[in-house]
Amino acid sequence: MQNTPQRAVNWSRIVKESLVAGLIALVLFFELVGVRVVDNPGGLGLRSRWLWLLIAVVATAVGRLLLAWRREILNNRPVADLGLTASDSGKSDSRIQIFTRYVAPLLIAFALTLPMMPFANRYIVDIATLVLTYVMLGWGLNIVVGLAGLLDLGYVAFYAVGAYSYALLSTQLGWSFWVSLPLAGLLAASFGILLGFPVLRLRGDYLAIVTLGFGEIVRIILLNWYTFTNGPDGISGIPRPSFFGLPFKRHVPEGTDSFSSFFGLDYSSMHRIIFLYYLILLLALLTNFFTLRIRRLPIGRAWEALREDEIASRSLGINPTNTKLSGFAIGAMFAGFAGSFFATRQGFVSPESFTFIESAVILSIVVLGGMGSQIGVVLAAVLLIGGTEMFRSLADFRMLAFGALMVAIMVWKPRGLLSNREPTVRLADHPEEPSPDLVAEQKS
Amino acid sequence: MNGTPEDQPVLLQVEHLTMKFGGLTAIDDVSFTAKAGEITAIIGPNGAGKTTIFNCLTGFYSPTYGRLGLHHSDSEFLLERMEGFRITQQAHVARTFQNIRLFGAMSVLENLIVAQHNVLMRASKLSFAGLLGMKGYRQAEKEAINKARYWLQRTGLLEYADQDAANLPYGAQRRLEIARAMCTRPALLCLDEPAAGLNPKESSELNALLNYIKNEHQVGLLLIEHDMSVVMEISDHIVVLDYGRKISDGTPETVANDPVVIRAYLGEDEDSQLPQKIAEDLPGVRQDA
């Protein structure tokens with residue numbers, strides 16, 4: 001710039017930037033916020049909302065002003081300050097580790113006791129169930145994206161396979177939830193392998209495009225194969241899960257028990273809601289423990305090695321195809337489980353529930369949480385899903401809040417909320433033991 | 001093969017290896033042998049085809065013609081017919097890379113454990129035994145850690161064991177790559193410019209490490225190197241390439257005195273032409289003079 005002293009803040013540039021941002025906002029929001037189509041008695045009409053437009057534009061300009069100002073301040077900081085922040089980031093890494101160690105059990109305890117809390121009404125438990133569904137999907141996708149480093153934009157396809165598997169098995173063959181659940185997982189996993197075989201030679205962007213296409217293909221097949229999937233009408237009347245054979249119903253046929261009569265409780269519709277909540281909690285925790293465990297096994301380490309450097313992995317004798325396929329299949333299996341749960345919870349499935357936006361939301365949860373971080377996924381799911389549900393009263397602005405939240409996380413934590421990685425094995429935990437045969441074996 | 005001791009068995013036999021990329025012949029009818037417990041160096045000017053030979057040996061390229069026979073444990077492996085990862089898995093050929101390829105976000109120890117993937121995978125019985133935490137798998141993992149510890153000690157990396165590989169100093173990363181390759185229990189270890197970017201002290205430590213690997217583990221080493229102090233000091237046998245052809249083959253003394261080799265490295269008439277060539281490349285200098 002000009003001959004301004006080093007520390008001075010360049011106000012003219014900041015103001016210019018904020019004016020440009022305001023102008024862009026004016027152009028964008030004119031259509032989105034400024035005018036609105038309304039249903040008048042004589043046909044469609046336009047209603048203007050100039051005040052809202054003004055608020056949106058001013059908010060954008062001021063926001064940009066603050067961001068630019070903060071950046072100038074940071075840029076002009078003397079070098080010694082920068083050194084300080086470097087050591088800060090090291091400290092924050094260990095803080096994250098402590099956070100993870102103590103917060104995870106607390107979160108599990110909270111999740112276990114949530115339905116018994118005084119504030120837990122039907123609405124809260126419903127939202128918690130929804131959040132947990134996305135936590136489970138996020139954990140499943142984390143295996144594929146976070147560990148194996150394969151960018152999958154069609155993850156919702158496996159979710160759909162799981163949902164339709166249970167829907168069809170239960171309505172056509174009358175199979176129970178607990179029998180269908182593993183089958184739905186297996187079917188989804190075989191779809192993962194089916195997709196995997198042709199596409200695993202691709203990497204990065206190319207893989208992302210093909211998986212995106214696969215997600216759409218599955219949705220379009222569900223939409224058009226009317227005789228099998230009932231097309232856009234979906235499948236309704238999917239049986240609700242029972243508690244080891246005891247249905248959650250007010251009235252049951254003579255001579256059989258319902259959940260409430262068996263336990264001598266008064267019938268309450270909350271029983272089923274709470275049961276569904278615990279069911280998804282169980283499934284999600286299963287996903288989590290499985291992931292934590294497999295990360296420490298050779299296959300999990302091979303996934304991470306492939307993510308880091310495929311050529312080096314191959315030179316160490318790792319079979320890239322099988323390793324990637326297993327990652328794809330296991331990730332898909334958990335999506336299949338979650339899909340079955342979705343079907344039994346809703347009692348109805350249709351292709352509408354499995355659009356690309358679902359894949360995008362699940363991927364956002366993984367990326368914003370910090371790739372590979374289990375607890376990051378939980379935080380991101382609570383923020384994104386819980387947050388947008390809470391903002392339901394904002395009506396049209398809900399998705400705007402969703403976007404703003406994503407931008408905020410990306411500005412504040414570009415590598416995700418919790419992005420540190422714990423080694424799967426530490427030499428410090430394995431003290432040396434003298435082993436006489438080792439040297440002999442080495443020589444052979 | 002003059003001057004090499006005859007008591008070592010032939011490990012690698014390269015016969016008439018030819019590699020063509022379209023119209024370009026990168027390697028033209030090259031044959032040589034390498035023995036177990038010996039260091040064979042492949043040298044030559046830039047673009048002579050050294051790394052291409054490595055890529056053929058380790059399955060990254062499949063050669064146009066030729067046979068790559070590896071003989072050990074009473075069996076013969078034809079490397080040119082094997083898929084890349086199987087060459088390490090079954091024929092036990094390991095390699096390092098010219099530009100270091102570590103798993104940067106993983107710890108040093110994890111890098112060495114990943115190198116033992118096939119042994120551990122067998123012990124984990126397709127992960128089922130591992131998931132259940134069965135004793136056999138736990139034992140195998142403990143052995144893998146001990147093996148990693150052994151190589152960390154050997155390469156002087158013990159203090160870095162739990163750090164991310166990407167945060168290691170350059171020389172330590174080079175040594176880690178060698179340790180990682182050794183954890184695959186190779187019969188033939190291919191090192192692509194292991195001394196590049198090392199200072200003289202690190203270079204001499206590397207020489208000691210390579211000699212140790214050769215003598216104690218009876219591994220055949222194949223070495224691409226530009227640093228002549230390393231090559232002449234530790235090689236038992238040198239193969240010289242130029243424009244994809246083998247121009248000399250023998251002990252360090254034979255090769256160093258071979259007029260063909262001197263011509264390939266220094267040009268036709270080393271006394272007059274070389275300085276003149278440099279002067280032509282620097283027009284500014286000529287004007288001043």
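User: What separation is found between the centres of domain 1 of chain A and domain 2 of chain A?
Analyst: The two centres, taken over C-alpha atoms, are separated by 36 Å. Domain 1 of chain A covers 11–79 and domain 2 covers 92–419, with bounds that come from an automatic or database domain assignment. The model is predicted: local features need pLDDT of at least 70 and side-chain atom pairs pLDDT 80 or more, while totals for chains, interfaces and linings use all residues. Residues are numbered from 1 along each chain as its sequence is written, and chains are lettered from A and ligands numbered from 1 in the order in which they are written.

User: Why is H10(A) called roughly antiparallel to H13(A)?
Analyst: The axes of H10(A) and H13(A) cross at roughly 175 degrees and come within 11 Å. H10(A) therefore counts as roughly antiparallel to H13(A). The classes are roughly parallel under 35 degrees, roughly antiparallel over 145, roughly perpendicular from 65 to 115, and oblique for the rest. Axes are lines fitted to C-alpha atoms, for helices over the stretch in contact, and angles between N-to-C directions run from 0 to 180 degrees.

User: Which residues of H10(A) and H13(A) meet?
Analyst: On H10(A) they are Leu276(A), Leu279(A), Ile280(A), Leu283(A) and Thr287(A), which meet Phe334(A), Phe337(A), Ala338(A), Phe341(A) and Arg345(A) of H13(A). By class, this contact holds eight nonpolar residues, one polar and one charged. Here Ala, Val, Leu, Ile, Met, Phe, Trp, Tyr, Cys and Pro count as nonpolar, Asp, Glu, Lys and Arg as charged, and the others, Gly among them, as polar.

User: Is the crossing of H6(A) and H13(A) left-handed or right-handed?
Analyst: H6(A) passes H13(A) in a right-handed crossing. The near helix is turned clockwise from the far one by less than a right angle in that case, and anticlockwise in a left-handed crossing.

User: How many residues does each chain bring to the contact of chain A with chain B?
Analyst: Chain A brings 33 residues and chain B brings 34 residues. Helices H10 (270–295), H11 (298–308), H12 (310–315) and H17 (436–443) of chain A each supply at least two residues of the side that touches chain B. H11(A) gives the most, with seven residues. That side of chain A has 16 nonpolar, seven polar and 10 charged residues. Contact requires that the C-beta atoms of two residues, placed from the backbone, lie within 7 Å.

User: What makes S9(B) and S10(B) a pair?
Analyst: Strands S9 (237–242) and S10 (245–250) of chain B are joined by five bridges and run antiparallel. A pair needs at least two DSSP bridges, so S9(B) and S10(B) qualify. Strands (E, at least two residues) and helices (H or I, at least four) are DSSP runs numbered from the N terminus. Leu241(B) stands opposite Lys246(B), and Ile238(B) stands opposite Gly250(B). Two residues lie between the strands of this hairpin, where Tyr243(B) takes a positive phi near 45 degrees.

User: How many bridges does S1(B) form with S2(B), and how many with S4(B)?
Analyst: S1 (10–21) and S2 (24–35) of chain B pair in the antiparallel sense over eight bridges, with Thr33(B) as the bridge partner of Gln13(B). S1(B) and S4 (65–72) of chain B, also antiparallel, pair over five bridges.

User: Why are S6 and S10 of chain B called edge strands?
Analyst: The open sheet of six strands runs in the order S6-S7-S8-S3-S9-S10 of chain B with mixed pairing. S6 (93–95) and S10 of chain B each pair on one side only. Neighbouring strands of this sheet are turned by 20 degrees against each other on average, direction ignored.

User: What separates the centres of the two domains of chain B, and how many residues are in contact?
Analyst: Domain 1 (1–92 + 186–257) and domain 2 (104–181) are assigned in chain B. Their C-alpha centres lie 26 Å apart. In the contact, 10 residues of domain 1 of chain B touch eight residues of domain 2 of chain B.
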